[in-house]
Amino acid sequence: MTEVALAGLWGLVAGSALLLGAVVGFGLRVPQKVIAMVMAFGAGVLLSAVSFELVSEAYDEAGLAPAAAGTLAGAAAYTAGNVWLAGRGARHRKRSGHRQAQAQPTEAQQSGSGLALALGALLDGIPESAVIGVGLLDGGSVSLVTVAAVFISNVPEGLSSSAGMKKAGRGKAYVFGVWGAIAAASTVSSVLGYTVVGHFSATVIAAVTAVAAGAILAMIADTMIPEAFEEAHLAIGLITVSGFLVSFALSHA
């Protein structure tokens, strides 16, 4: 199998977790605290992967300045996109809709919110998938820690968000259409991360990795941790640290 095909395959594997979570969230009544705890664990896993797999690698390849600049740029770009989408109905896209004040709006309540939710899911998923493809550039082997971190974190993301979509009155075709499209986009993003970024220098590759890391960090702080804290605030610290340590152990195994 070619490395381009491998990039697509691993991107699809990671992205398919969103669809898996959506199936569970739409079809089953999962307790809010369970969703919150899994979300906290996934946030911890991603935090560790970003720290030891992405930012650390960018620093080793290009030094502090490109790593720091890329991370800040990624966070700024994500935040700008998130602010724009929040004003169009996607602010609570990862919320399961348990509390009315933090529920996703219906299309009747805010026209265009369905599209905004879909674009928000795309915004959240693209950086995660891109780094999988970029990771293949380093010796031709994907970082299984990064794939595992993205997969683990994607399950609660899809689960919580699809439950919120269902409560907002969106049908099965919309919900699974969105997450199926995001899984496909994850595949394409991973391939592009490998093919497009691969033509640049090691410094540029490191900067791109840092940009993705910054976007992921901003996403964790803005969408994952708030949902986890809402229902599991007394235990979120311990659960998040547990996820962090699991990912840390995998990266040093």
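**Figure 1. A look along helix α2.** Helices here are DSSP runs of H or I with at least four residues, strands are E runs of at least two, and both are numbered from the N terminus. The model you're looking at is predicted, so local features need pLDDT of at least 70 and side-chain atom pairs count only at pLDDT 80 or more, while totals for chains, interfaces and linings use all residues. Residues are numbered from 1 along each chain as its sequence is written, and side-chain values use heavy atoms, with hydrogens and water left out.

Let's start with α2, which covers residues 32-62.

**Figure 2. Zooming in on Glu-53.** Glu-53 also belongs to helix α2. Is Glu-53 buried or exposed? With 15% relative accessibility it counts as buried (buried means under 20% relative accessible area, exposed over 50%, and partly exposed in between, using a 1.4 Å probe and protein chains only). Now find Val-145: it is 92 residues from Glu-53 in sequence, yet their C-alpha atoms are 7.9 Å apart in space.

**Figure 3. Three Phe rings in a cluster.** Ring pairs link Phe-52, Phe-244 and Phe-248. Rings of Phe, Tyr and Trp (its six-membered ring) pair if their centres lie within 6.5 Å; planes under 30 degrees apart are stacked, over 60 edge-to-face, and the rest tilted. The whole structure has three aromatic pairs. One of them joins Phe-52 and Phe-244 edge-to-face, with 5.8 Å centre to centre and 65° between the planes. That pair links distant parts of the chain, as Phe-52 is in helix α2 and Phe-244 is in helix α8 (residues 236-251), 192 residues away. Phe-52 is partly exposed at 34%, and Phe-244 is partly exposed too, at 26% relative accessibility.

Phe-52 and Phe-248 also make an edge-to-face pair, at 4.9 Å centre to centre and 65° between the planes. Phe-52 lies in α2 and Phe-248 in α8, so this pair ties together parts 196 residues apart in sequence. Phe-248 is partly exposed, at 31% relative accessibility.

**Figure 4. Inside the largest pocket.** About 240 Å³ of space lies in here. Which residues lie nearest the pocket's centre? They are Leu-28, Arg-29, Val-30, Gln-32 and Lys-167, out of 13 lining residues. Two or more lining residues come from each of α1 (3-27), α2 and α5 (144-167), and α5 gives the largest share, four residues.

On a 1 Å grid over the protein atoms alone, a pocket is an open set of points with protein on both sides within 12 Å along at least five of seven lines, and lining residues have an atom within 4 Å of a point.

Figure 5. Leu-192 is part of helix α6 (residues 172-195). It is partly exposed, with a relative accessible area of 44%.

Methods. Expected span 1.5 Å × (residues − 1). 1 Å grid on protein atoms, 1.4 Å probe; cavity = no way out; pocket = protein on both sides within 12 Å on 5 of 7 lines; lining within 4 Å. Points joined across faces, edges and corners; volume = space filled by probe spheres on them.
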